[in-house]
Amino acid sequence: MNHPGHPNATSGLGRHPTASLSPSTEPQSTPGAGQTGQAQDPATKTGGLAAHCRWFFCCHCCARASYSPEETELDDKKGPQNEPVTVPHATTPNEPAIGDSGDSIDPFSVLSVEFLGVDNGAAHHTNEYEGPGLVVRRGQPFDLRILLNRPFDLDKDVLSIQLTTGEYPQVNKGTEVLLHPSSSLPAREWGAYVKEVNHRHLILSLSSPPDCIVGRYKIDIGPETEVCGYRSSTTHVYVLFNPWCCDDAVYLEDEEEKKEYVLNETGLIYYGTQHQIGSRGWNFGQFEEGVLRACFDLLDRSGMPVTGRHNPVSVSRVVSAMVNCQDDRGVLEGNWSGDYILGTPPTAWNGSVAILRQYSKTGIPVRYGQCWVFSAVVTTVMRCLGIPCRSVTNFASAHDTDTSLTVDVYFDEDEKPIARLNGDSVWNFHVWNDCWMKRPDLPEGCGGWQAIDATPQETSAGSFQCGPASINAIKDGMVFLPYDTPFVFAEVNSDRIFWLRKTTGETERLNTERHAIGHNISTKAVGLNQRQDVTQLYKHSEGSQDERIAVELACKHGSRADFFTASNPSEVTVHVKTDERAVMGNDVIMSVVLQNLAESSRQVCLTLQVQVMYYTGVCSTMCKREKFKVNLDPKKEHTVDLQLNRSEYLDLLKEQCGLLCYVTGRVVETKQPIACHHSFRLCVPRLHISCTRSTEVGKEVEAVIEFTNPLPRTLQAVELRIEGPGLHSERLAKIGNVGPGEKLQWRETFKPVRPGLRKLIGSLSCTQLTQVHGEAEVEVIESTNGV
């Protein structure tokens with residue numbers, strides 16, 4: 001396991017243009033030379049174009065209707081949330097006068113460009129984004145409302161539109177586009193169309209290709225030839241991937257899946273062991289203020305060329321590299337040491353929003369993350385950019401360090417594990433991501449879900465990144481396909497081999513476990529707060545002919561292609577069971593179950609060893625070691641119960657630590673070696689959060705958070721964090737100490753800002769106890785008093 005360090009971070013390179021708002025009513029023109037009054041525009045009267053275009057704002061992000069050309073910095077906090085900010089139109093001394101009759105002197109100029117935020121947001125499924133201005137999706141038209149200094153003549157006036165993105169726009173690179181309105185919008189191309197003309201107002205419809213560059217575009221709109229000091233009006237629009245467009249590489253057909261994997265702001269992340277699966281809520285918060293900006297900052301800081309941002313394969317690979325900071329100025333610094341005094345413990349985070357905001361503001365990696373935090377931030381970034389994505393947990397997840405596609409465990413002749421040789425490990429659980437896209441670079445059938453992993457484990461092409469690896473390719477053992485398919489295949493379908501290393505240096509194979517790796521691969525179900533098992537997407541049924549063919553094909557391309565041979569069947573089998581409901585702070589019973597398959601009696605000499613193990617599979621302190629002999633009757637099963645007292649493990653466990661039990665030994669009569677492996681964790685109680693089930697926007701609500709200390713010792717320096725998208729920004733409460741058996745009760749108030757079914761998510765952390773969390777759902781309706 002490689003644990004990333006903290007590189008020296010430098011300031012960000014991202015572009016941060018400032019949005020300003022056009023007024024919600026038409027701005028008055030500045031009088032020119034000889035002008036004595038100002039005319040009232042008929043379009044502002046009842047029944048005019050303003051009424052037709054639903055000239056109101058649903059939220060402060062829709063009210064960010066236009067950008068002043070003088071402004072160069074984005075300020076998402078400008079102006080009250082539900083009020084437009086008025087910015088006077090800048091004019092030149094020679095701007096033509098507008099007479100009482102509406103007549104004017106040529107040429108025309110653009111006074112303002114307004115976003116039709118409500119309509120565009122609904123059509124593009126972007127109405128939830130807070131703060132950045134207009135957000136649309138590629139391959140789909142969007143409309144702008146343009147105000148001119150005089151009536152527009154369709155037969156004589158020529159409108160020019162220029163779209164640019166990146167630092168040095170070029171037409172031949174696709175980063176600069178020049179348009180003139182045509183009679184209709186073209187398919188799969190950039191285009192412009194004057195949809196409606198009403199006196200001095202135009203509705204201009206723009207279209208983009210389904211494979212255009214994703215990013216922040218500057219749009220200049222004005223007369224074809226600018227003369228006499230007239231200038232165009234400038235605005236900015238974010239263009240994202242479009243899972244609703246059938247020609248986009250990220251197109252996802254099922255509507256409910258799009259709601260889950262693109263629009264859902266909260267989710268569940270699974271952890272624990274294959275027999276003890278736990279879940280925790282997470283605030284992805286991809287629509288929260290500042291998150292979209294942070295996502296594009298991330299791409300800028302990666303050094304990724306703007307021209308490559310049309311391809312979801314390239315974008316996802318860069319995201320997998322940039323969410324960790326192992327070898328770049330990425331988002332999160334990983335830490336598995338247990339010492340988090342310089343940052344936030346990984347188990348304390350409830351969401352991605354605070355992490356991404358901090359990173360965008362400082363450009364310095366945020367401390368600290370572990371696999372589920374890396375994965376959750378990736379989910380936020382990908383959904384924010386428009387790529388369908390989900391967090392996925394693999395239980396008994398292998399970490400193959402030598403590309404052998406096997407997990408090798410070595411013991412010495414005293415049956416003790418040899419730490420220096422046991423570089424491979426099996427994580428109790430590991431969390432990565434699936435993202436949905438076409439793969440034209442791979443053979444047919446390899447599109448769909450792709451695995452990417454931002455947790456820094458092994459390098460890929462010199463960087464700590466992983467994927468996208470086709471899940472279909474992984475399932476069939478096609479490890480020769482990019483990217484990082486062998487590594488992900490080993491995580492879900494490698495064999496675990498136990499070895500005895502003799503003092504002579506020779507090795508003897510003790511046992512091969514064919515079905516030890518990759519169990520209960522889990523993600524949140526579509527539309528439900530339930531676990532969905534997606535193991536069948538990653539691998540064929542264990543023990544099936546297709547599964548063995550896939551393993552053999554993969555191993556032929558591993559570093560030990562000549563080694564894959566079947567082991568002899570065992571006369572005596574052994575496995576270990578523990579109570580899945582065992583609670584932290586109690587004694588634990590371990591049951592060693594042996595079965596004699598032979599026709600005669602057998603005596604078995606066994607050694608049981610219990611070690612503290614981090615969830616990454618790295619072993620720490622030995623807490624119990626016991627030898628025993630068992631006589632087995634023919635064709636019979638026998639169980640030996642061994643007790644692990646709390647005094648033997650309680651002082652040794654830290655944060656996510658579990659317990660690993662090895663059983664090794666031999667059958668006396670046949671000298672057949674025995675080896676098996678069992679890991680388990682001890683449960684902790686959940687955080688209980690209670691509040692009203694239904695409320696409305698702007699109405700204050702109180703939540704009560706409760707927890708009882710299950711340990712026979714004091715919890716020290718307890719901290720409580722709570723947040724929820726559209727409900728509550730992250731808040732930290734320092735509780736102090738909580739005594740043995742003591743009940744903690746904390747009250748928190750919040751005011752919802754967005755309607756919909758929302759989640760309030762909380763976590764409790766301290767040195768002695770982690771992974772304590774809970775959540776509550778709140779149905780928020782629009783305010784009944786106009787708030």
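Two strands pair if DSSP finds at least two bridges between them. Helices (H or I, at least four residues) and strands (E, at least two) are DSSP runs, numbered from the N terminus.

The model is predicted: local features need pLDDT of at least 70, side-chain atom pairs count only at pLDDT 80 or more, and totals for chains, interfaces and linings use all residues. Residues are numbered from 1 along each chain as its sequence is written, and side-chain values use heavy atoms, with hydrogens and water left out.

**Exercise 1.** Find the neighbours of strand β25 and trace its pairing.

Solution. 
- Step 1. Locate β25 at residues 602-613.
- Step 2. Take β26 (residues 619-632): 11 bridges join it to β25, and the two run antiparallel.
- Step 3. Look at the turn. β25 and β26 form a hairpin with 5 residues between them. Gly 617 in that turn has a positive phi of about 90°.
- Step 4. Take β28 (residues 658-667): 10 bridges join it to β25, again antiparallel. Here Val 604 has Val 667 as its bridge partner.
- Step 5. In β25, 10 of the 12 residues are buried, so the strand is largely enclosed by the rest of the structure.

**Exercise 2.** Describe helix α5: its span, its burial and its cover.

Solution. 
- Step 1. α5 covers residues 291-302, 12 residues in total.
- Step 2. Compare spans. The expected span is 1.5 Å times one less than the number of residues. From first C-alpha to last, α5 reaches 17 Å, close to the 16 Å expected.
- Step 3. Count buried residues: 10 of the 12, so α5 is largely enclosed by the rest of the structure. Among them are Val 291, Cys 295, Phe 296 and Arg 301.
- Step 4. Find the cover by contact (heavy atoms within 4.5 Å). It includes β2 (134-137), β8 (215-223), β9 (233-240), α6, α7 (353-362) and α8 (371-385).
- Step 5. Gly 303 follows α5, with a positive phi near 80°.

Terms used: Buried means under 20% relative accessible area, exposed over 50%, partly exposed in between (1.4 Å probe, protein chains only).
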